[in-house]
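Here is a short report on one helix and on the aromatic pairs of this chain. The sequence and model come first.

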Amino acid sequence: MDPYLALRFREFNIFLVARFAMVFAWSMQFIVIEWQVYSMTKDPLSLGVIGLMEVIPAVSMALFAGHIVDQREKRNLLLKCLLGFSTISFGLFALSEPSLALKMDNTTILYGIYFLVFLGGIVRAFLGPTIFSLIALIVPKRAYPNAATWSSTTWQMASVLGPTLAGFSISWVGVHWSMCVIFAFSLAALICILKISRKPIMNPKIGEPIGDSLKEGLRFVFNSKAVFGALTLDMIAVLFGGAIALLPIFAQDILQVGAEGFGVLRAAPAVGAAITMIGSTRFPVHRAAGRKLLWAVFGFGLSIIVFGLSTSFWLSVFSLFMSGALDGISMVIRQTILQLKTPDEMRGRVASVNSMFVGSSNELGAFESGVTAKLMGTVAAVVFGGTMTLLTVGFTAFISPSFRKLDLRDEVEAHESARS
C-alpha cells in the first residue's frame with residue numbers, strides 16, 4: 001500500500017495540521033495549568049483535582065456526546081468544539097494575568113481555573129467522537145488504515161511536543177504569555193477546519209430517541225468481537241500497565257537518576273510510539289491484524305515487567321521505549337479496526353465508548369498503580385500489572401479464535417473504490 005495514500009487528499013492534510021495544533025495546545029495547556037495551580041497552592045492534591053475536573057464530565061457525558069455527533073454535521077460540530085476550546089483558553093489567559101492576583105484572592109482564581117477545566121472536559125467528550133467520525137468523511141475507505149496511522153502519529157507528536165514547549169515557555173515568557181501561545185494554537189486549528197467543506201450526515205435515523213440510539217450503539221460494540229476485543233485489550237493494557245504513574249518513584253528511589261533521568265524515562269515511551277507509528281505507514285497493519293494486536297499488547301506487558309525488575313537506568317529506558325513502540329502499533333491497529341468495522345451512522349457512539357474505555361482506564365490505571373504500590377511495593381506493583389496484561393492477552397486469544405484470526409485485507413480491498 002502507498003505509505004502516503006491518505007496524504008494525497010487535500011482535506012486530510014488540512015485536518016492533520018488542525019489536529020496537531022489542537023492536541024499541541026491541549027497538552028501544553030494541561031502542563032501550564034498544573035504549574036500555575038501548584039505555584040498558587042503548594043498542595044499536591046490540587047493537581048489531582050485538575051484531572052478530576054476534566055475526567056468527570058468527559059466520561060459521564062461520553063455516550064450522550066456520541067448520540068449528538070451521529071445526529072449532526074461533523075465539520076460544523078468540530079468548529080463548535082474548537083470555538084469552545086478557544087474560549088476556555090482565552091479565559092485561562094485572562095485568569096493568569098499577573099495584576100489579577102492583586103485584585104482577586106487566590107481561592108477565587110483557583111475555582112475559576114477548575115471551572116474552565118470542567119468546561120474543557122465537556123468539550124473533550126464531544127471532540128474525540130467528532131474527530132473520529134470526520135476522518136471517515138475526508139478520505140475513502142481504502143485509505144482508512146493509512147489515515148489512522150497518520151492521525152495517530154500526529155496526535156503522538158503533538159502530545160510529546162506540547163508539554164516540552166510548555167516547560168520552556170513557562171521559563172522564557174511566564175504562565176500568562178504561555179496561555180497566549182496556547183490560545184493562538186487553538187485559533188490556528190479553528191482556521192484550518194474552516195477550510196474543510198461541510199460533510200453529509202450518514203445516519204438515516206435523524207431524530208431517533210436518545211435511549212434507543214445509545215442502546216443500539218452499545219449493542220453494536222458488545223456484539224462486534226473485533227471492536228470489543230480491540231477496546232478491551234487497550235483498556236486492560238492501560239489499566240494494569242500504568243508504570244508511567246510510578247516513574248517519579250523509580251527515578252528518585254530505585255534508579256536514583258534525579259530530575260534529568262526522570263525526564264529521559266518520561267520521554268522514552270513517547271519516542272518509541274512516534275517512531276513505530278511513522279514506520280507503520282510503510283508496513284500496513286490490516287494483514288493479520290488480530291494476531292499483530294495480540295502480539296503487540298503481549299510485548300507491551302513483557303516490556304513493563306522488564307522495566308519493573310530493572311535496576312539499570314539504560315535497560316529501564318530501553319524497556320520503556322519498547323513499551324511505547326508496541327503501544328504505538330497497538331494504537332494504530334485499534335484505530336484501523338474501529339474505522340473499518342464501524343458503520344458510518346454509528347461512528348460517534350462507538351468513538352464515545354472508545355473514549356470511555358481509554359479515558360477512564362488512564363485515570364483508573366494511575367489509581368491502580370498507586371494502590372498496588374502501596375500494598376505490594378513499587379516493583380511488585382509494576383510486575384503485577386505487566387503480568388495481568390499478559391494473562392489478558394492469553395485469555396482473549398483462547399476464548400476468541402475469530403479475533404485471533406482477524407484479517408482486514410478483504411475488507412480494505414472490497415472498498416477500494418468507496419467514496420473515491
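## Helix α8

This is a predicted model. In α8, the buried residues are Ser 213, Leu 214, Glu 216, Gly 217, Phe 220 and Val 221. They cover an arc of only 160 degrees around the axis, which puts them on the same side of α8. Lys 215 and Asn 223 are exposed on the other side of α8. An α-helix has 3.6 residues a turn, so residues three or four places apart point the same way.

The length of α8 fits as well. Helix α8 has 14 residues, 210-223, and should span 20 Å at 1.5 Å a residue; its end C-alpha atoms are 20 Å apart, which agrees.

Trp 26 and Phe 85 form a stacked one, with 4.7 Å centre to centre and 15 degrees between the planes. This pair links distant parts of the chain. Trp 26 is in helix α1 (residues 10-41) and Phe 85 is in helix α4 (residues 74-95), 59 residues apart. Both Trp 26 and Phe 85 are buried.

## A tilted pair and its cluster

The ring centres of Phe 90 and Phe 183 are 5.4 Å apart and their planes are at 55 degrees, so this pair is tilted. Phe 90 lies in helix α4 and Phe 183 in helix α7 (residues 144-194), so the pair ties together parts that are 93 residues apart in sequence.

Phe 90 is partly exposed, with a relative accessible area of 45%. Phe 90 and Phe 183 also belong to one aromatic cluster, together with Phe 93 and Trp 177.

Terms used: Residues are numbered from 1 along each chain as its sequence is written. This is a predicted model: local features need pLDDT of at least 70, side-chain atom pairs count only at pLDDT 80 or more; totals for chains, interfaces and linings use all residues. Side-chain values use heavy atoms; hydrogens and water are left out. Helices (H or I, at least four residues) and strands (E, at least two) are DSSP runs, numbered from the N terminus. The expected span of a helix is 1.5 Å times one less than its number of residues. Buried means under 20% relative accessible area, exposed over 50%, partly exposed in between (1.4 Å probe, protein chains only). The arc is that of the directions from the helix axis to the C-beta atoms. Rings of Phe, Tyr and Trp (its six-membered ring) pair if their centres lie within 6.5 Å; planes under 30 degrees apart count as stacked, over 60 as edge-to-face and the rest as tilted.
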